Amino acid sequence: MYGKAFAPEYQGELGSALGVNSSYEEVLATASRAQAEAVTGLERSRAALAVAEANRRLGRVADAGAAWRDSYRCARDAGDAAAMSWALWSGGTLARQCGTLPLARRLLAHAVELAAGSGDRLAHGYSLAGLAETGRIQGDYAAVAELHERLLEEGRAHGEARHMVWAMSGIAQMHRNTGDYAKALELFEESTRIATEADDARGRAWSLRGVADVLSVQGEPDRALALLSEAETICRSMDLASALAYNHKMRANVHYRAGWYEAARDTYALALAEFSDMNEPRGVALSRLGLTKSRARLGRDLDETLAELAVLERDFVRIGLRHARDMVIAFRAEVTERSGEGGAVEMAGTAETAATAEGKKAA
């Protein structure tokens, strides 16, 4: 069994003032006041951690970076290893969000070590979860599958709904990316149920996005779009800027797979603008890939498409996104083959094209 979701990143006085479903503008205002009023180094470290997390979720990357470093310095000066671990967890999570995955792994690995030495089980678990998520995003499934399962068992053992949701949705995503859609859907739906019963609105929004993704792959775009609309409402109510942008990118994926290429193009462009505003390179690159593919379907010049795909492949290699690079390679092979069979006219295709394996793996 598990209890209601809680947010251990809000510590000290902030722990009683804020909850897992607090909007991030509220978190930022409350934590900024606490930071200004802090008396001890540990109080300042805790407040700066919350400031960092709020800014990160709001897409304010520079402010988030300054805040987690401030939190770490204050924790170090106070000699508190657990607080240092939490600050590094925040920094590692921000690095992953910004697409600097090797840095994310280094920061999170150090956070794990500090947490283990401090005895803070939650800091240790969150840092391990961060490492698992980073490895999964890189496509290093063999290295992190066992870690995801371990985190899931720990979540069950301690009744921590957020850990269960994170681990279960991560496992579901790996099943989805390797083609086991039935298992992925089962796990995403279970993750949604747990998040709902634990009153974890953010976890529910992410899980709904996963369910929508699989339903779309299975040819149910209308159901998928309805779930994404529900998730979007949650994202807006909590000021989840990054999650909202990923929601829009997924909406574009649904349009693309259904063969609605003009709608896909426009929605990828929306997501691209949102990711660009918050300086999130991974989201930028994935949205650009979707935009390139949609324009190709609408008859864009083949040479322009191939040039853009070459740039995107280099970006995915630099960021370390193996699955996304595979999608670039697969689409390049498809457009090149189609060009040999009749050129760009065929690329303007119909919904039958969207039902191909390539379409199902859309970014």
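Q: Which residues in α8 and α9 meet each other?
A: From α8 the residues are Y141, V144, A145, H148, E149, L151, L152, G155 and R156, and they meet H163, M164, A167, M168, G170, I171, M174 and N177 in α9, where contact means heavy atoms within 4.5 Å. This is a predicted model, in which local features need pLDDT of at least 70 and side-chain atom pairs count only at pLDDT 80 or more, while totals for chains, interfaces and linings use all residues. Residues are numbered from 1 along each chain as its sequence is written, and side-chain values use heavy atoms, with hydrogens and water left out.

Q: At what angle do α8 and α9 pack?
A: Helix α8, residues 141-158, packs against helix α9, residues 161-177, at an angle of about 150°, and their axes are 8 Å apart. Axes are lines fitted to C-alpha atoms, for helices over the stretch in contact, with angles from 0 to 180 degrees between N-to-C directions; helices (H or I, at least four residues) are DSSP runs numbered from the N terminus.

Q: How far apart are the axes of α9 and α11?
A: The axes of α9 and helix α11, which covers residues 201-217, are 10 Å apart, and the packing angle is about 15°. The two helices are therefore roughly parallel (angles under 35 degrees count as roughly parallel, over 145 as roughly antiparallel, 65 to 115 as roughly perpendicular and the rest as oblique).

Q: OK, which residues make that one, α9 with α11?
A: R162, V165, Q173 and R176 in α9 meet R202, G203, S207, D213, V214 and V217 in α11, and the residues of this contact divide into 3 nonpolar, 3 polar and 4 charged.

Q: Switching to α14 and α15, are they roughly parallel or antiparallel?
A: Helix α14 (residues 261-277) and helix α15 (residues 281-297) pack at an angle of about 160° with their axes 8 Å apart, and they are therefore roughly antiparallel to each other. The contact is made by Y261, A264, R265, Y268, A269, A271, L272, F275 and S276 of α14, together with G283, V284, S287, R288, G290, L291, S294, R295 and R297 of α15.

Conventions. Nonpolar A, V, L, I, M, F, W, Y, C, P; charged D, E, K, R; others polar.
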